[in-house]
Amino acid sequence: MAKRLEGKVALITGGTSGIGAGTVRRLSAEGAKVAFTGSKAEAAAALCAETGASFHAHRVQDAEGWPALMQTLRDSYGRLDIVFANAGIEAGDASVEDVSLEAWNNIIAVNQTGVMLTIKHGLAAMRANPEGATGSIIVNSSMNAHRAMGNFVGYSVTKLAVLALMKSTAVHCAAQGYKIRCNAILPGVVETDLIRGVINRAPDPEAARAQFNAMAPMKRMAQVEEIAGLVAYLASDEASFISGSEYLIDGATNAGAMGV
Amino acid sequence: MMQRLEGRVALVSGGLRGIGLAIAERYVAEGAKVVLLDLDAEDSAAPREVLDKLGSAASYFRANVAEEADWQRVSDAVKDRHGKLHILVNNAGTDLTGPVESLSMESWRRIMSINVDGVFLGTKHFVPMMAACGGDFKGGASIINISSIMGLVGYSEVSAYNASKGAVRLFTKGIAIEFATKKMPIRANSIHPGFVMTPLMQAGFQRWVDKGFASDPQALVDTMAATTPVGRLGDPSEIAGAAFFLASEDSSYVTGAEIVVDGGWTAQ
């Protein structure tokens, strides 16, 4: 593995499974020191043992917990170069007719306010870097930001909202003269453990898998490693002129209709 | 540096200068064999200088991307020399500015023939070869079309260039879906550079100075930098970084996408 991230410190929210865990592995392999958050302590311990990353039990929507988390990171690492605002949920989501106010508020708390808090605190830490304000912030949105789902209103709304948050952050940082870039990735369906569970629990797992595969013109789901590769690129100095951008990684799903 | 394009063959049109040259340099540094196309005669100074710098991994053919016969000749030559093509960078392009009512039909046809026909013809003539060898590497073969931020948004007195780069953006999405649904091992994406310091940009600046829009080219550079959120122009190597990502197996699920590298310009 090329070591493009040697000497950099990364924070990944929601790092215990799925895209987050894949990114903990990839950024570690590229030489970064990685800290990640989440709530699944057992999975986290195994990932720490495997990668040398550190785990900090914290939920992104816990506003009061952020200062203590950042203090711990400052004490342990002394700097922050990469933030991957990855944590997100869809629990309780439904159509606009059916969604409960509680589920809606909860999804907004994690997917939208949680990302804002991640950026806010990450930015403050990056500004405190010894050589001045430097770093790369990457927001995990979704291809569904531009392809709203009727039965996931909270998810669709929040994933579009964080694109405006990302752009506002990018323009703000640039205007302030910070060398801090901010971009978003918009993945299609990724074959995470979560999706594998959905497939395996379906009455006909083979049919369920075929259905997921058929959603992209490429006729397959993305692998976690493929998403982590894009995050690594945006995190690296190779992406030094990239800020305020949306990066689809969806096997051509949003490029248009599949045709006949 | 680890060589992540070892064993691959790439073609870069407009490869002697600016963004095309930066991409060719990066691909050679990553271990690829690179075929360059441009308009300079094959025994002239510019290709000699570039080939001296890039070494035996690079070769050069004179070709006008707007001429189908040139593409036929180049694809035959690439087949003879390498037998394969894994990475096609349709980079050659030209610009045209001015009030829309002042543009001649001839100048409109010229920019379309280079910026749009050139991308179509390059794709058409290399797809069979790329489909045949796309399975050599994870992520398959990769077509990388250089569009522009001017292919995403309009700009005063840039209408013809806007139209040509917008065409590249959607042509790319069309072929991306076509290849994906047919399970052909070729991905296709567009790169949208913002203001990047290249010879084409410098020539454009000089034209604006000659027209009296600015006192000197540096004033225009300063203006462009000021309207770009990160406060500077891009360097060709920063576009090459994106072209390398799209060529490498790291981008194996990226197809039909727009890769914007603009220092925040379109985020505003």
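This is a predicted model: local features need pLDDT of at least 70, side-chain atom pairs count only at pLDDT 80 or more; totals for chains, interfaces and linings use all residues.

**Entry 1: the sheet in chain B**

I began with the strands of chain B and found an open sheet of 7 strands, in the order S3-S2-S1-S4-S5-S6-S7, with parallel pairing. At the edges I noted strand S3 (58-62) and strand S7 (258-261) of chain B, each of which pairs on one side only. From one strand to the next, the twist averages 20°.

Next I looked up how S1(B) is held by its neighbours. Strand S1 (residues 9-13) of chain B runs parallel to S2(B), and 5 bridges join the two. On the other pairing, S1(B) and strand S4 (residues 87-90) of chain B also run parallel, joined by 3 bridges. I picked B:Ala10 to follow by eye. Its bridge partner in S2(B) is B:Val34, and in S4(B) B:Ala10 stands opposite B:Ile87.

**Entry 2: is S2(B) covered or open?**

Is strand S2 (residues 33-38) of chain B mostly covered or mostly open? I went through the strand and it is mostly covered, with 6 of its 6 residues buried. I then sorted the residues by direction: B:Lys33, B:Val35 and B:Leu37 point one way from S2(B). B:Val34, B:Leu36 and B:Asp38 point the other way, and all of these residues, on both sides, are buried. I made a note that B:Lys33 and B:Asp38 are on that buried list too.

**Entry 3: helices across the sheet**

Which strands does helix H3 (residues 68-81) of chain B lie across? I found S1, S2 and S3 of chain B, with the helix running at about 155° to S3(B).

**Entry 4: loops around H5(B)**

I then checked the loops on either side of that helix. B:Glu157 is in the loop between strand S5 (141-146) and helix H5 (159-181) of chain B. Its phi is positive, about 65°, although B:Glu157 is not a glycine. I counted B:Glu157 as partly exposed because it has 16 C-beta neighbours inside 10 Å.

B:Val153 lies in the loop between S5 and H5 of chain B as well. B:Val153 is partly exposed, with 14 other C-beta atoms within 10 Å. I also looked up how far B:Val153 is from B:His125: they are 28 residues apart along the chain, and their C-alpha atoms are separated by 30 Å.

In the loop between H5 and strand S6 (186-193) of chain B I found B:Lys183. Phi of B:Lys183 is near 55°, again a positive value in a residue other than glycine. B:Lys183 has 10 C-beta neighbours inside 10 Å, so I put it down as exposed.

Chain B has 8 helices and 7 strands. Its radius of gyration is 18 Å, close to the 18 Å that the globule rule gives for 268 residues, so chain B is as compact as a globular protein of that length. Along the principal axes, the C-alpha trace of chain B spans about 50 × 40 × 40 Å. Of its 268 residues, 51% count as buried.

For chain A I also wrote down 8 helices and 7 strands. A compact globule of 260 residues would have a radius of gyration near 18 Å, and chain A agrees, with 18 Å. The C-alpha atoms of chain A fill a box of roughly 55 × 35 × 35 Å. Of the 260 residues in chain A, 50% count as buried.

**Entry 5: a helix pair in chain A**

I looked at helix H6 (residues 193-201) and helix H7 (residues 205-213) of chain A, whose axes come within 7 Å and cross at roughly 135°. That angle makes H6(A) oblique to H7(A). On the H6(A) side I listed A:Ile195, A:Ile199 and A:Asn200, which meet A:Pro205, A:Ala208, A:Arg209 and A:Phe212 in H7(A). By class, this contact has 5 nonpolar, 1 polar and 1 charged residues.

**Entry 6: where the chains touch**

Last, I looked up the contact between the chains: 32 residues of chain A are in contact with 31 residues of chain B. Which element of chain A gives the most to this side? I found H5(A), with 5 residues. By class, the side of chain A that touches chain B has 19 nonpolar, 9 polar and 4 charged residues.

Definitions and conventions. Residues are numbered from 1 along each chain as its sequence is written. Chains are lettered from A and ligands numbered from 1 in the order in which they are written. Axes are lines fitted to C-alpha atoms, for helices over the stretch in contact, and angles run from 0 to 180 degrees between N-to-C directions. Helices (H or I, at least four residues) and strands (E, at least two) are DSSP runs, numbered from the N terminus. Angles under 35 degrees count as roughly parallel, over 145 as roughly antiparallel, 65 to 115 as roughly perpendicular and the rest as oblique. Two residues are in contact if their C-beta atoms, placed from the backbone, lie within 7 Å. Ala, Val, Leu, Ile, Met, Phe, Trp, Tyr, Cys and Pro count as nonpolar, Asp, Glu, Lys and Arg as charged, and the others, Gly among them, as polar. The radius of gyration is taken over C-alpha atoms; the globule rule is 2.2 Å times the number of residues to the power 0.38. A residue is buried if 20 or more other C-beta atoms lie within 10 Å of its own, exposed if 12 or fewer, and partly exposed in between; C-beta atoms are placed from the backbone. Two strands pair if DSSP finds at least two bridges between them.
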